[in-house]
Amino acid sequence: MLANHANLLQFFSSAEEVVGRKKLQKMIYILKKNGVPFGEKYEFHLFGPYSEELSLRVDELSNLGLLQETKEDKSSYIQYRYTMTEEGQQFLTHYDNHFPDYQEAVHLLKEKSSRFLELVSTMLYFEELQQEEVEEKVRTVKKKQNYTDEEMIQAWEFIDSMKKLRQ
Amino acid sequence: MAYRDEKLEEEKVFKDPVHRYVHVRDRVIWDLIATPEFQRLRRIKQLGTSYMTFHGAEHSRFNHSLGVYEIVRRIVSNFENRLNWKKEQRLLVLCAALLHDLGHGPYSHSFEKVFGLDHEEFTRKIILGNTGVNHVLRKVSASFPKKVAEVINKTYGDKLIVSIISSQIDADRMDYLQRDAYFTGVSYGHFDMERILRVMRPREDQVVIKESGMHAVEDYIMSRYQMYWQVYFHPVTRSAEVILTKILHRAKALYLSDYTFKLRPEHFISLFDGDITLDDYTRLDENITGFYFQSWLEEEDDILRDLCERFLNRRLFKYVEFNPLLHVKEMVELSKLFYEVGIDPEYYLIDDSSSDLPYDFYRPGEEEERLPIHLQLPNGKLKELSRQSDIVEAISGKKRTDHKLYFPQDILEALPDDSRQKQRIFEILFQ
């Protein structure tokens with residue numbers, strides 16, 4: 001019961017603070033692709049994989065006071081910050097969480113920019129393709145972001161380091 | 001003449017209650033409609049279990065797919081000769097519109113949840129696999145099926161094409177809002193689509209709306225908001241869906257525990273085993289699932305039999321507003337009490353929240369999550385809708401959360417009145 005809500009709270013408990021909704025979307029997606037069993041369904045949107053279910057669930061957790069959401073107007077967009085509240089911590093105590101330990105992965109993800117995570121998550125979305133095809137696809141669907149070869153290399157390295165954490 | 005340019009000798013029209021007529025002139029479109037995979041959509045309801053609440057809501061994904069095609073046909077016709085519009089994309093976007101829901105199965109939402117399926121993945125597989133649809137598309141060109149799949153999957157390079165099929169003001173939503181309103185009989189859901197189509201403008205990477213059309217778009221956003229709460233999220237519909245989901249869970253659990261069904265559920269076996277093939281999937285429709293639900297009325301298993309009887313005869317679960325996030329202890333206690341009186345809470349005590357549904361609200365593109373609706377100002381600049389419209393701003397910022405708890409009140413009422421557990425269950429549920 002409410003396993004998906006509890007799983008998300010567990011993530012916020014590990015992350016302590018997440019700055020930016022886009023970053024949050026990509027962090028959960030990358031963790032999911034690395035075997036953390038989040039239940040939220042993702043689709044490809046303009047900025048890479050995106051989950052409407054995740055957005056709604058985070059809204060719910062904030063409405064219920066289990067997460068604290070703060071906003072900052074950045075003129076062309078609004079930036080959101082999320083932290084878990086005491087009520088959220090309290091809620092989690094009722095759950096036996098059987099999730100794998102992914103604390104280290106969360107810390108790796110937190111250090112990265114949302115632009116970089118957008119690149120990584122898009123690459124993971126096309127992971128069934130060959131490496132060259134993935135890069136070609138990224139250049140096509142993310143023309144405007146203009147990712148450099150250097151960023152691509154870093155993204156592949158990052159994907160590898162995430163995989164190693166799973167082993 | 002190349003197949004892609006072939007026209008029918010005479011234009012074909014489908015009578016349609018929403019758009020009056022759906023016009024088909026392209027041979028490719030006509031041939032796609034005739035494929036078994038597209039005809040299958042006649043046997044899948046657009047609104048799943050909503051017909052339990054709104055008896056008129058029996059319309060199919062076939063109706064809706066034709067409707068989306070018709071809207072896109074009109075959009076494309078308006079875009080002809082406009083800057084940024086590439087005529088050679090016409091057939092691609094029409095095919096994508098027609099085929100965008102091809103991978104939906106019966107009661108998609110419940111099936112996807114229980115069996116871990118993804119209808120978009122099946123749409124892609126039908127388009128790219130050895131199917132009638134693929135055969136038609138390949139006659140256009142070898143790479144054409146892949147392009148159509150990419151547009152539907154939103155990974156196609158030309159974002160303008162993608163945004164016609166899938167954005168926050170796209171042909172898909174414009175059709176389903178009006179069609180669902182028509183068939184459910186509600187008075188929400190109506191907006192001036194003709195006006196919106198007239199003020200749509202193609203930009204390099206998205207469709208935008210001329211500022212003068214803002215009020216028509218406001219109406220569309222309001223329709224969407226009202227339809228969400230009044231139709232898509234109706235608690236009775238959700239009750240039917242909860243039961244349907246539990247039927248699937250129960251049937252799967254029985255199969256995995258080597259239960260012997262009186263009639264082996266052949267069509268479900270690969271679903272239960274988690275290795276469903278494309279052929280298995282396209283054989284599934286609501287006629288097939290209805291047949292099994294009917295046959296499961298004869299099963300020995302009390303839970304499966306009872307759930308099927310409830311679903312088929314509309315003996316749905318009752319519900320109360322209940323926020324389990326704030327009442328975790330009571331939820332735990334309720335589960336325990338249900339067990340004590342011999343009712344399995346796994347199947348008969350279900351919490352359901354608004355985030356469990358895939359329908360979406362307008363989001364003004366906070367931090368560029370999703371492409372928002374942009375208005376094109378007279379000077380050519382773009383402005384996000386909620387920053388120009390007070391009405392949209394008001395409902396975009398408003399978050400509503402809804403949680404309900406579903407249970408079989410009839411079974412609970414039948415418990416002995418002096419039962420301590422019964423008294424406590426009612427106290428928690430109705431306090």
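Modeller: A crossing is left-handed if the near helix is turned anticlockwise from the far one by less than a right angle, and right-handed if it is turned clockwise. This is a predicted model, in which local features need pLDDT of at least 70 and side-chain atom pairs count only at pLDDT 80 or more, while totals for chains, interfaces and linings use all residues. Residues are numbered from 1 along each chain as its sequence is written, and chains are lettered from A and ligands numbered from 1 in the order in which they are written.

Biologist: At what angle do helix α3 and helix α10 of chain B pack?

Modeller: Helix α3 (residues 61-79) and helix α10 (residues 171-184) of chain B make an angle of about 125°, and their axes are 8 Å apart. Axes are lines fitted to C-alpha atoms, for helices over the stretch in contact, with angles running from 0 to 180 degrees between N-to-C directions.

Biologist: Why is α3(B) called oblique to α10(B)?

Modeller: Angles under 35 degrees count as roughly parallel, over 145 as roughly antiparallel, 65 to 115 as roughly perpendicular and the rest as oblique. The value of about 125° therefore makes α3(B) oblique to α10(B). By the rule for handedness, their crossing is right-handed.

Biologist: Which residues of α3(B) and α10(B) meet?

Modeller: From α3(B) come B:Asn63, B:His64, B:Gly67, B:Val68, B:Ile71, B:Val72 and B:Ile75, and they meet B:Ala171, B:Asp172, B:Met174, B:Asp175, B:Tyr176 and B:Arg179 in α10(B). Contact requires C-beta atoms, placed from the backbone, within 7 Å. This contact has seven nonpolar, three polar and three charged residues; Ala, Val, Leu, Ile, Met, Phe, Trp, Tyr, Cys and Pro count as nonpolar, Asp, Glu, Lys and Arg as charged, and the others, Gly among them, as polar.

Biologist: Where does UniProt place the feature "domain: HD" in chain B?

Modeller: An unreviewed UniProt entry places that feature at residues 61-177 of chain B. Over this stretch the chain is 68% helix and 0% strand, with the end C-alpha atoms 13 Å apart.

Biologist: What makes α6(B) and α8(B) roughly antiparallel to each other?

Modeller: Helix α6 (residues 119-128) and helix α8 (residues 144-153) of chain B pack at about 165°, with axes 9 Å apart. The angle lies in the antiparallel class, so α6(B) and α8(B) are roughly antiparallel to each other. Their crossing is right-handed. Among the residues that meet are B:Ile127 and B:Leu128 in α6(B) and B:Val148 and B:Ile152 in α8(B). By class, the contact of α6(B) with α8(B) holds six nonpolar, two polar and three charged residues.

Biologist: How do you know that α5(A) and α8(A) are roughly antiparallel to each other?

Modeller: In chain A, helix α5 (residues 103-110) and helix α8 (residues 149-166) also pack at an angle of about 165°, here with axes 10 Å apart. That angle is again in the antiparallel class, and the two helices are therefore roughly antiparallel. The crossing of α5(A) and α8(A) is right-handed. A:Glu104, A:Ala105 and A:Leu108 of α5(A) make the contact with A:Ser161, A:Met162 and A:Leu165 of α8(A).

Biologist: What is the order of the three strands in the open sheet of chain A?

Modeller: The order is β1-β5-β4, with antiparallel pairing. Strands β1 (17-19) and β4 (67-73) of chain A are at the edges because each has a single partner strand, which leaves one side of each without a neighbour in the sheet. The twist averages 15° from one strand to the next. β4(A) pairs with strand β5 (residues 78-84) of chain A over seven bridges, in the antiparallel sense; pairing requires at least two bridges found by DSSP. Within that pair, A:Thr70 stands opposite A:Arg81 in β5(A).

Biologist: Why do β3 and β8 of chain B stand at the edges of their sheet?

Modeller: The open sheet has four strands in the order β3-β4-β7-β8 (chain B), and the pairing is mixed. β3 (200-202) and β8 (382-384) of chain B each have a single partner strand, so one side of each lacks a neighbour in the sheet. Here the twist averages 45° between one strand and the next. β3(B) and strand β4 (residues 207-210) of chain B pair in the antiparallel sense over three bridges, and B:Arg201 stands opposite B:Val208 in β4(B).

Biologist: How many residues of chain B are in contact with chain A?

Modeller: There are 27 residues of chain B in contact with 30 residues of chain A. On the chain B side, α18 (328-340) and β6 (350-353) are the elements that give two or more residues. That side divides into seven nonpolar, nine polar and 11 charged residues.

Methods
Two residues are in contact if their C-beta atoms, placed from the backbone, lie within 7 Å. UniProt positions are given in the numbering used here, feature names are shortened, and annotations may be inferred rather than shown by experiment.
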